[in-house]
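Here's a quick briefing to read alongside the model. Have the sequence and the 3D view open as you go.

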Amino acid sequence: ARTEASLLASYARTVLTDPDPLPRLLDNIRESFALTSVSLLERHDGRWQLAAATGPNPCLHPEQADTDITVTDDVRLALVGRAVTTADQLILEAAAGQALLAWRQQRMAAEAAQAQRQAHAAALRTALLSAVGHDLRTPLTSIKAAIGSLRDPELTLSAVDSEELLATVEESTDRLHALVDNLLDSSRLAT
């Protein structure tokens, strides 16, 4: 009973304290019960997939295991190396529950990291759009004002003034063109 309690406490401690507990937990189970390999399998769309494993030649289907521990309907702990006793089976069922917790914790951490990356990317996009919006409006405003002045029938412009407005349109268009090229290059690099 002390040995069983010690094993269970060790498994729980691994899940609670290790930053990546699942591989270590499976390895502890393999060593504690002198197994060749331990696999955590998950069923997706009727097919078993390897969620995590330790040891050589991990089991890929519960039917191939020497001992198959049901964690949930769609999650199994598959043990290879020897059949376990009924007493060991009870400890392994508790360990399988700990493996499920560690696996869920690992998936939630990955999902949280992905969400954080997406939020960071969205914040960068927003900042970029804000900065680019200002940079796009400046030459567009200059172009619009210059063309508006050139087209105004009530405004009499000298040849020098008209030439200056056309130069403003050309410079602003070049600036706008360069900005759009930089944006497209940045987009290609990001892709």
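Buried here means under 20% relative accessible area, exposed means over 50%, and partly exposed is anything in between (1.4 Å probe, protein chains only). Helices (H or I, at least four residues) and strands (E, at least two) are DSSP runs, numbered from the N terminus. This is a predicted model, so local features need pLDDT of at least 70 and side-chain atom pairs count only at pLDDT 80 or more, while totals for chains, interfaces and linings use all residues. Residues are numbered from 1 along each chain as its sequence is written, and side-chain values use heavy atoms, with hydrogens and water left out.

**Helix 2**

- Helix 2 covers residues 21-32, which makes 12 residues. From first C-alpha to last it reaches 16 Å, close to the 16 Å expected at 1.5 Å a residue (the expected span is 1.5 Å times one less than the number of residues).
- Its buried residues are Pro-21, Leu-22, Leu-25, Leu-26, Asn-28 and Ile-29. They sit on the same side of helix 2, because they cover an arc of only 155° around the axis (the arc is that of the directions from the helix axis to the C-beta atoms).

**Nonpolar cores**

- A nonpolar core is a set of buried Ala, Val, Leu, Ile, Met, Phe, Trp, Tyr and Cys residues joined through side-chain atoms within 4.5 Å.
- The largest one has 25 residues, and those with the most contacts inside it are Tyr-11, Leu-22, Leu-26, Ile-29, Phe-33 and Leu-77.
- Helix 1, helix 2, strand 1, strand 4 and helix 3 are the elements that give two or more residues to this core. Helix 3 gives the most, with eight residues.
- There's also a second, separate core of six residues, which includes Leu-41, Cys-59, Ala-65 and Ala-78.

- Four strands form an open sheet in the order 2-1-4-3, with antiparallel pairing (two strands pair if DSSP finds at least two bridges between them).
- Strand 2 and strand 3 (67-72) stand at the edges with a single partner strand each, so one side of each is left without a neighbour in the sheet.
- Neighbouring strands are turned by 25° against each other on average, direction ignored. Axes are lines fitted to C-alpha atoms, for helices over the stretch in contact, and angles run from 0 to 180 degrees between N-to-C directions.
- Strand 1 and strand 4 pair in the antiparallel sense over six bridges. In strand 4, Leu-79 is the bridge partner of Val-38, and Leu-77 is that of Leu-40.
- Helix 2 packs on the sheet, touching strand 1, strand 2 and strand 4, and its direction makes about 80° with that of strand 2. Helix 3 packs on the sheet too, touching strand 1, strand 2, strand 3 and strand 4, and its direction makes about 50° with that of strand 3.

**Strand 4 and its hairpin**

- Strand 4 is mostly covered, with six of its six residues buried. Val-75, Leu-77 and Leu-79 point one way, while Arg-76, Ala-78 and Val-80 point the other way.
- Strand 3 and strand 4 form a hairpin with two residues between them. They pair in the antiparallel sense over five bridges, and Thr-70 stands opposite Arg-76 in strand 4.

**Positive phi in the loops**

- Most residues other than glycine have a negative phi.
- Ala-34 isn't a glycine, yet it has a positive phi of about 50°. Ala-34 lies in the loop between helix 2 and strand 1 and counts as exposed at 59% relative accessibility.
- Asp-45 isn't a glycine either, and its phi is positive at about 50°. Asp-45 is found in the loop between strand 1 and strand 2 and is exposed, with a relative accessible area of 82%.

**Helix 4**

- Glu-171 lies in helix 4 (residues 159-190) and is exposed, with a relative accessible area of 57%.
- Glu-171 and Ser-142 are 29 residues apart in sequence and 9.4 Å apart in space, C-alpha to C-alpha.

Note on methods: Contact = heavy atoms within 4.5 Å.
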